[in-house]
Amino acid sequence: MANILECKHLKKQYGSFTALKSINLELPEGKVIGLLGPNGSGKTTLIKLASGLLLPTAGEITIAGNKPGVETKKLVAYLPERNYLDLSKKITKHVDFMSDFYKDFNAERAYEMLDRLDIDPKRPLKDLSKGNREKVQLILVMSRDAKLYLLDEPIGGVDPAARDYILETIIDNHPADSTVLISTHLIADVEPVLDEFVFIREGEILKHASVDEVKAEGNTVDGLFREVFRC
């Protein structure tokens, strides 16, 4: 199985602070993978490097064999932790923009998901609740036929019922050969949808394994996380 993302001695510094400490990581195609760690562990930095928003201080990161750039943006769908949409614009305008900007964007799929949630696409985002705005952002990202989905804390700011919908949307709408990387510290919520997980703390990879391996040992990812990250 080919790797969609590879990191080799990847390091990122912000001034004197080292956010990522020479990490090595390989993520295969066709998997749902949790990037799991406490706040401030380096999850967002790694995702921004993969999306091309940051440059490494040292080492390298590649997407399908290419350094992040113009070509990899065709392969990567990125959901940032914070809102990135113009709240004054109607949802239809955002769908039109995504359709114009990304050849792999499926507008029909987006409208189907909006309809399922009873969200009127003719309404401006500012008229929606915070939870529904986050659902719209996710719908726009998951309506692409990307090779790598980078989702930074997609369930962090919503209620438990919304979390269930968001996770269902992720699983039901990504192509079978694509990889989904979900960054979160809410381990128990995402564990049921994961194939693999990566534990990260203070910029270092502590463990990368399959969920089945942990289950075979009579444990859960959430249980193992509590053991590894115990204060």
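**Exercises on salt bridges and a sheet**

Glu134 counts as buried, at 18% relative accessibility; buried means under 20% relative accessible area, exposed over 50%, and partly exposed in between (1.4 Å probe, protein chains only). The model is predicted, so local features need pLDDT of at least 70 and side-chain atom pairs pLDDT 80 or more, while totals for chains, interfaces and linings use all residues. Residues are numbered from 1 along each chain as its sequence is written, and side-chain values use heavy atoms, leaving out hydrogens and water.

**Exercise 1.** Identify the residue whose side chain meets that of Glu134 in a salt bridge, a side-chain nitrogen of Lys or Arg within 4 Å of a carboxyl oxygen of Asp or Glu.

*Solution.* Step 1: the partner is Lys130, at 2.7 Å, N to O. Step 2: the two residues are four apart in helix H5, so about one helical turn separates Lys130 and Glu134. Helices (H or I, at least four residues) and strands (E, at least two) are DSSP runs, numbered from the N terminus.

**Exercise 2.** Explain what the salt bridge of Asp145 and Arg109 ties together.

*Solution.* Step 1: their side chains meet at 2.7 Å, N to O. Step 2: Asp145 lies in the loop between helix H5 (130-142) and strand S6 (148-152), and Arg109 in helix H4 (residues 107-116), so the pair links parts 36 residues apart in sequence. Step 3: Arg109 is buried at 15%, whereas Asp145 is partly exposed at 39%.

**Exercise 3.** Determine the strand order of the open sheet and its edge strands.

*Solution.* Step 1: the six strands run S5-S6-S7-S3-S8-S9, with mixed pairing; two strands pair if DSSP finds at least two bridges between them. Step 2: strand S5 (76-79) and strand S9 (204-210) are the edges, each pairing on one side only.
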